[in-house]
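Colleague: Please take me through this model before I plan around it.

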Amino acid sequence: MSGFPSDTRPLVIAVIGSGPRGISVLERLAVRTAAEAEQAGGGTPRPVRVHLIDATEVGAGRVWRTDQDDWFTMNTVVSQVTMYSGDPDGGPDRPGAGPSLGDWIARRARDAGEELLGPDDYAPRVRYGHYLAHVLGTVAAAMPAHVELLPLNGRVTSLRPAAGGGYRLGIDGHEAPLEADRVVLATGHPVNAPGAFEREMLGFAAKTPGTRYLCGDSAADMPLGEDDIPAGSVVGVKGLGLSFYDVMLALTVGRGGEFRTGPDGVLRYRPSGREPRIVAGSRSGLPIPARGRNQKEPDYSHRALFLTPDALERARQARRALNGSGQLDFEHDVLPLLRAEIDHVYYTTLVRRAQGAAAAEVFAQAHAKVLHEGGDRRALLMEAGLADVEPVDLDALARPFGQEVFDSPEDFRTHLLKVMDEDLAAAELGTLDGPLKSSLDVLRDIRNVVRQAVDYGGLLPASHTGFFHGRFLPVNALLSAGPPMARVEQLRALITQGVVEVAGPDTVFEAAPEAGGFRVGSPRVNGSERIAQTLIDARIPTPDLLRDTSPLTRQLVDDGMVRPYVIEGPDGDRHVTGGLDVTVSPFHVVDASGRSQPDLYALGIPTEHTRWFTQVGSSRPGVGTLFYRDADAIAADALRPAGPVVLPRQATGERRPAAPARTSVREGEPA
């Protein structure tokens, strides 16, 4: 860091939010300004001042902050996570050349005696927070002399155009506004205003002594201590996804309990006596399954054969000929191609396990040819010994209990444990050798092609809201973004020992005034009804610009500086998404009148629904991920010389092209 002569006015850039997205932009700013200094030779480049602002912890943000407990875990193996845009090159850690999370943890274990994790292990979120802080430190140390980096801990409450250009930022605790020429919004997960169900539960808890309702949020920010949730009380938990596991651990391990493997090899839970009793449920009744044992190198990339950019373009051309719009129907135009990818990996892996790699290669070529030509593959499957093997049924995997009715909670528990055991056995086979988990990993590996189908109104409005959001995304999240196997094994132990009870499918959560608590139960499990004193929503809120309670967001909406993205169909139908409207790369914010603001950018979770799956929290070593390219595009544009800007055509208020710019499919995104 350095200062400037008082008569030299720097270009001022403010980055609001210093979680992974904010740090990624900062890292690329550092790389690009270092290149500026080198290109200037003996001259002095234009000075730059960067303000990195965070309301929680500068360098880690809220979700990854370094004061949280270590039982909150990432769900990507450490070898597949990096915040550096280039791999180590033998020199010091610095922007453009630094270690992955796994390499950094190994170094810390060697040099500082910290716990060693293997490349295929999962790190606590707090360790990723410390890694982010390390990245920030190396960025600060490597900034060239013409760049000044100023970290600022504070909440930005307002952002308005300045009279002479640029913006004025109001910050809690700071009397004078901060002035910046360019601003990057990387604000991360929102806190939404309560919806109808939440308002009902909050109102009930407010007038019913001894009850409490907790809205969805990061478990690390929830009041889950014994003063808030007494030992021995009953806690209802809505949702069985990743955040459920966080809540589960906070109420068990966080209360002093321990998991231990007995001489018989069975994992058991040793309670502390301070735990509440947990009754959880969801629509499916299935806790999110385990991620397969990782067998993939960090730079591994599945090569799509069916769901390709060319296939999507052909589908768009067909749609355009049909109704004048290139917008797709996800169920009919995209899902069959995705299923073909999954089936191809599934059957090929089965052949490789049974007959070896050479036979699998021959089968894969023949199977791909049949699918491309639209032929009948039954003879090929019969020849391979797979005639009786059904293809992967995503819906059945996500809803394993169908419409079955269970006689008792014990009956359902038996069925549930059987499903969990089968899933753990499939996960143990791995993400390359295991037929099921390798095929489901396709859902992660080709997200970027799905993005090309979906982003910027790529789907018809009814398809986007109905099938994609209503049916596909819940199934996709359940089957592709699971926790480590160890977490599922721990849940199994807690269920077996009666600490956790899963109510069953179609779980109902409602106020029960006559019982003085919250009713939790499944209509398909006889005798499952329980009364809870506390009800926790263990689902991370969906980003929604119009429900975001942030003072900054509220001001931006009220002043018309931002607007939600709207998907428009060929018949005039419209869907107002909750995503913040931005142009294509470099993601200029679009205001209420449809004009792009060339000096204001937004990246990550606030833009969800305009773009898909923006919650990715890192890049991947050795791979040119979209995470890295997004950050670099903003950094490059934010450093441009002052003057007129040529904006993307769709930023002027004209309707956007249905097909977004094509991106490489050879990339992997951690999640």
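The questions below go from the whole chain to single residues.

This is a predicted model, in which local features need pLDDT of at least 70 and side-chain atom pairs count only at pLDDT 80 or more, while totals for chains, interfaces and linings use all residues. Residues are numbered from 1 along each chain as its sequence is written, and side-chain values use heavy atoms, with hydrogens and water left out.

Colleague: How many helices and strands does the chain have?
Modeller: Helices (H or I, at least four residues) and strands (E, at least two) are DSSP runs, numbered from the N terminus. On that basis the chain has 18 helices and 23 strands.

Colleague: What share of the 671 residues is buried?
Modeller: Buried means under 20% relative accessible area, exposed over 50%, and partly exposed in between (1.4 Å probe, protein chains only). Of the 671 residues in the chain, the buried share is 57%.

Colleague: How many residues of helix α5 are buried?
Modeller: Helix α5 covers residues 242-250 and is mostly covered. Among its buried residues are Phe244, Tyr245 and Leu249.

Colleague: Is glycine 458 buried or exposed?
Modeller: Glycine 458 sits in the loop between α14 (447-454) and α15 (461-480). Its C-alpha atom is separated by 9.8 Å from that of arginine 611, 153 residues apart along the chain. Because its relative accessibility is 0%, glycine 458 counts as buried.

Colleague: How does aspartate 121 count, at 35% relative accessibility?
Modeller: Aspartate 121 is placed in the loop between α2 (101-112) and β4 (122-124). Since its relative accessibility is 35%, aspartate 121 counts as partly exposed.
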